[in-house]
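Hi everyone, thanks for making time this morning. Let me put the structure up, and then we can walk through a few side-chain contacts together.

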Amino acid sequence: MKFSRKTFSVSKFQQSIWDSGIIFTALLTMCSQVMAGKQELQSVIQGNGHFTKQLYNVLAQKPGNVFFSPISAHAVLSMAYQGADGTTRAAFGKTLGVSDHLEAAVGYQDVMKHLNNVSDVQLLMANKVYIMEGCALNPTFKEVTEKNFFSEVQSLNFSQSEASAKTINQWVEDKTQEKIKDLITPDLLNSATRLVLVNAIYFKGTWASKFNKELTQKEKFYLNDNDTIEVQMMNAKGKYFYKEDETLDAKVLELPYSNSDVSLLVILPNKRNGIANLEKKLAETDLTKITENMFKPEVVVKLPKFKIETTIDLKKPLEKIGLGEIFTNKANFSGMLESPEQLFVSEVIQKAFIEVNEEGTEAAAATEFVIYARSGAIRMHRQEIFTVDHPCIFLIQSHERMNERRRDRLSNTLFIAKLSKINNVASN
């Protein structure tokens, strides 16, 4: 996300026991703060679920595969939210699903802690603020982005566009294990650029139970009721969380990684041509609770290997879901810099990558925000069949336990994909 002075267009852009008297009061206050923190974390997770559905509905209007990281976009927009005021702040609150910017900041502090401390998988989310040499961040904005979003701050001379773009892209490459390259091009930077906000997220997880490569074989994948292509279909059998959701007219399967606090959720419409109907129903579904009411039977799983890479210009999609003001002269980012320059955004760009194979899943995304200045029922004792041989939706989610019960949790969507065709067979 890039910010510049108005009069230029903005360029491109990711967790007692009480005694009496004074001690009782102190501990009660502490306990209230803990509960408040959980509430704010819940608010951010639910906000991301709301944002995910909105953005997905717009992006899915185009034919073909869809893949992006909603949490990456939600995080970088939430950072910008901290420097906004007036109607611009209100627009952020409505679109991000978090009505108070400070609530978003406190919630993201827990999100960042949780995502960067998940054991047994590689999961990292990082933020960074690049600022024009000679400019200074508003102290409050600087403190909240560093403390709550764990963001680093670095000064660059954006008029030296080649060198600045190289610096930004190298940081993104390092954070995403070289999966996301060339996020920003030099032509997006100039002497009017004031800020570039970047989020990067990287995930690589091995399955809790890997697929046997010797069982992978060529099978048909139905693009619709009649047309098919050949894919490399992986095969496995085991006990997985599963349900048949009558409301969605779909089957839902959860494939855990080596740390079950992160999993791949597959939502498979019952009909081969049921993806459009599923998308409509998901628009009315709470994604944070989609893993509720699942049970764990033995399931025969057939899952294709695939790889998707995308570059998405998010400006028009964000305009459609309520953030149009941030791209206009009406934008109010008066809380970002010490100087009184008016700032606005031109475009937000995300690059994303995912690969699913027998070992597990690798996924990455980076979102850049540039600002210029201007002048169902449980069934037991049966074997379920789950064959992903037609278009479906995948979610990679991290699960935040709300208490010690394993399934009492909120699910935060890190990546979402619609797999409607398979062009690239994932490598071994």
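Let's start with Leu-303: setting aside neighbours within four places in sequence, Leu-303 is in contact with Trp-207, Phe-211, Gln-232, Met-233, Met-234, Leu-255, Val-356, Val-388 and Phe-394, where contact means heavy atoms within 4.5 Å. A quick word on conventions: this is a predicted model, with local features needing pLDDT of at least 70 and side-chain atom pairs counting only at pLDDT 80 or more, while totals for chains, interfaces and linings use all residues. Residues are numbered from 1 along each chain as its sequence is written, and side-chain values use heavy atoms, leaving out hydrogens and water.

Back to Leu-303, which is found in strand S11 (residues 298-304); helices (H or I, at least four residues) and strands (E, at least two) are DSSP runs, numbered from the N terminus. Leu-303 counts as buried at 1% relative accessibility; the scale is under 20% relative accessible area for buried, over 50% for exposed and partly exposed in between, with a 1.4 Å probe and protein chains only.

Now the helices. H2 and H3 pack at an angle of about 155°, their axes 10 Å apart; axes are lines fitted to C-alpha atoms, for helices over the stretch in contact, and angles run from 0 to 180 degrees between N-to-C directions. H2 and H3 are therefore roughly antiparallel, the term for angles over 145 degrees. On the H2 side, the contact is made by His-74, Leu-77, Ser-78, Ala-80 and Tyr-81, and on the H3 side by Arg-89, Phe-92, Gly-93 and Leu-96.

On to rings. Rings of Phe, Tyr and Trp (its six-membered ring) pair if their centres lie within 6.5 Å, and planes under 30 degrees apart count as stacked, over 60 as edge-to-face and the rest as tilted. That rule gives 11 aromatic pairs. One of them is Tyr-81 with Phe-92, stacked at 5.8 Å centre to centre with 25° between the planes. What does this pair tie together? Tyr-81 lies in helix H2 (residues 70-82) and Phe-92 in helix H3 (residues 86-96), so the pair joins parts 11 residues apart in sequence. Tyr-81 is buried at 1% relative accessibility, and Phe-92 is buried at 0%.

Another stacked pair is Tyr-108 and Phe-149, at 5.3 Å centre to centre and 25° between the planes. Tyr-108 lies in helix H4 (residues 101-115) and Phe-149 in the loop between helix H5 (139-147) and strand S4 (152-156), so this pair ties together parts 41 residues apart in sequence.

Finally, ring pairs link Tyr-81, Phe-92, Phe-333 and Phe-369 into a cluster. Thanks, everyone!

How values were computed: Angles under 35 degrees count as roughly parallel, over 145 as roughly antiparallel, 65 to 115 as roughly perpendicular and the rest as oblique.
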